[in-house]
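Please open the model in your viewer and keep the selection tool at hand.

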Amino acid sequence: MSETTKTTTTTTTTSSDNNNNNNNNNSEIDNSTDNLEQPTIESGDIEDLSNYILSKIDESSTVTGRPARKYSEQDTSTPEWFQHKKHFFILSFSGKPIYSRYGDEVALNTFMASLSAMSSFVESSNDELRYITAGKYQFVFIQKNPLNLVCIANTGEPYQMIKQQLEYIHALIISVLTQSNIKAVFEAKYDLRDLLGGTDKYLDNFIHQTNSDFSILLNSVNCLRLNNNIRNSITNILSNRKCDSLLFSYLISGNKLISTVKHKKTPSLKSQDIHIVMNYVLSTSSFRESESWIPICLPNYNDSGFLHLYICYLYTDVCLLLFSNQAESFYQMNEIKTLISKDLDQESIVDELNRAVALHDYTTAFTEVPNLLHFLYKNRNSNYSTYPVFSPPYSIHKKEKKRLFRLYQHIINHVNNSSNKPHKYYYHTSATETIIVAISNHHELYATFSPLETKKNVFESFTFLLQWITKDNSIIIQ
């Protein structure tokens with residue numbers, strides 16, 4: 001942002017301007033999960049809940065006060081604050097500051113009050129403010145009672161993509177407290193910042209991830225490249241080790257999924273919920289040191305109650321996640337972990353698994369597809385995805401990686417958010433690259449080629465790539 005920028009054009013869009021584009025991501029509530037813990041808050045229990053939430057996330061969060069944050073000395077009085085291209089704010093409906101990506105939210109109290117006033121002005125007309133375009137800046141709002149989430153961006157991203165990022169941030173907040181408890185906090189007139197004081201780093205990391213992670217862009221989960229026979233053996237082991245309170249078993253490596261098993265007749269976890277869990281695991285170094293047992297709300301599974309998550313690193317970069325609907329089942333989960341670990345050793349899977357983790361990245365050269373620079377693939381039935389690491393020309397400069405990511409954002413938004421039916425095929429060409437897209441009921445494929453390639457070569461290579469993805473069962477969970 002630039003403090004001296006003059007607004008040349010201002011466009012305000014509300015929900016009534018285009019109801020067809022108002023695609024709110026409503027949380028799916030599983031009414032059949034009767035055993036799911038659903039705590040409620042009385043006004044006298046707020047302090048207890050604060051200590052409970054802070055201690056369950058990370059031991060480092062139990063210290064008095066909020067940890068020092070990067071850029072905390074910046075606010076609207078410092079020129080440096082205006083230089084950030086993308087700001088995120090969380091505030092209450094009344095304008096009370098809760099979180100700012102850059103700067104201290106208390107020092108930004110007046111600025112956030114102005115954002116709240118914009119939203120309230122439109123709401124007074126029984127409408128909802130969606131976004132404002134002011135010159136090269138875009139102000140994106142989402143209202144999630146009792147919270148307002150706002151992004152101010154100078155990045156050229158489509159509105160729908162920024163909205164998706166705000167939805168992810170809201171889901172992360174719900175995962176800490178549940179929707180019903182957040183409402184109770186505000187009814188008790190308690191400061192939500194005290195409850196979220198230990199979660200700043202999770203919000204910061206998650207925001208960074210939403211701006212660079214292709215799997216989040218595709219609303220999918222990235223899979224670890226692994227021999228299909230080894231993956232099936234792991235899945236069988238996870239499936240055989242269970243108990244009455246165990247709902248899901250996940251084996252992950254970083255932000256990549258190795259294998260998963262659903263043990264009950266219950267809705268599967270959505271991609272958004274899985275990314276929230278992965279973010280917690282990756283952002284908390286203490287999880288690597290010992291097994292952990294934390295309550296967590298998965299907003300798309302049930303936004304009004306907690307599941308309980310057992311976290312244990314079996315190997316250096318391989319983490320086991322066991323989801324239970326019973327708070328007292330830690331020792332059962334520990335026993336299951338021990339059995340799974342023994343089974344993996346007995347099946348001689350460990351070496352193959354660790355080798356796959358060490359060599360999980362692959363480049364476009366691995367596909368042997370001529371002229372291919374990059375691609376994204378998503379299985380629409382499972383919401384699993386795969387894509388190579390950047391190779392030249394994108395691996396040379398960070399700006400080129402970001403430029404390609406932004407281009408994918410626009411193309412994905414265009415083909416999936418068309419005012420008519422979604423596109424089945426899409427062809428984009430420019431001075432820097434050619435991108436061809438194919439959308440079916442089963443998959444999405446976005447492939448990038450040199451702009452100098454002929455259409456004939458592009459289509460032939462694109463067909464070859466789709467055949468390779470279909471045949472190679474190691475790159476994605478089948």
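**Confidence**

Begin by colouring the chain by pLDDT, since this is a predicted model. The protein chain has an average pLDDT of 85, and 85% of the residues score at least 70. Select strand β12 (residues 318–324), where confidence is highest, at a mean of 97, and then helix α1 (residues 46–57), where it is lowest, at 49. Next select residues 20–34: the pLDDT is below 50 here, and the stretch has 30 contacts in the model beyond near neighbours in sequence. Residues 39–44 also stay under 50, with ten contacts beyond four places in sequence.

Now select residues 372–379, which make up strand β13. Eight of its eight residues are buried, so the strand is largely enclosed by the rest of the structure.

Asparagine 379 has tyrosine 384 in β14 as its bridge partner. Four residues separate β13 and β14 in a hairpin, and in its turn asparagine 383 has a positive phi of about 60°.

**Aromatic pairs**

Show the rings of Phe, Tyr and Trp; the count of aromatic pairs comes to 25. Centre the view on tryptophan 81 and phenylalanine 82, an edge-to-face pair with 5.2 Å between centres and 90° between the planes. Tryptophan 81 and phenylalanine 82 are both buried.

Move to tyrosine 362 and tryptophan 468, a tilted pair at 6.4 Å centre to centre and 50° between the planes. Which parts of the chain does this pair tie together? Tyrosine 362 lies in the loop between α11 (350–358) and β13, whereas tryptophan 468 belongs to helix α13 (residues 455–471), so the pair links parts that are 106 residues apart in sequence. Tyrosine 362 and tryptophan 468 are both buried.

Next, select Phe214, Tyr387, Phe390, Tyr394, Phe405 and Tyr408 together: they form one aromatic cluster.

**Charges over rings**

Finally, select arginine 225 and phenylalanine 366; the arginine lies over the face of the ring, at 4.5 Å from the ring centre. For the last stop, select lysine 455 and tyrosine 427, where the charged end of the lysine sits over the tyrosine ring, 5.2 Å from its centre.

Definitions and conventions: Residues are numbered from 1 along each chain as its sequence is written. This is a predicted model: local features need pLDDT of at least 70, side-chain atom pairs count only at pLDDT 80 or more; totals for chains, interfaces and linings use all residues. Side-chain values use heavy atoms; hydrogens and water are left out. Buried means under 20% relative accessible area, exposed over 50%, partly exposed in between (1.4 Å probe, protein chains only). Helices (H or I, at least four residues) and strands (E, at least two) are DSSP runs, numbered from the N terminus. Two strands pair if DSSP finds at least two bridges between them. Rings of Phe, Tyr and Trp (its six-membered ring) pair if their centres lie within 6.5 Å; planes under 30 degrees apart count as stacked, over 60 as edge-to-face and the rest as tilted. A charge sits over a ring if NZ of Lys or CZ of Arg is within 6 Å of the ring centre and within 35 degrees of the ring normal. pLDDT is the predictor's confidence in each residue, from 0 to 100. Contact means heavy atoms within 4.5 Å.
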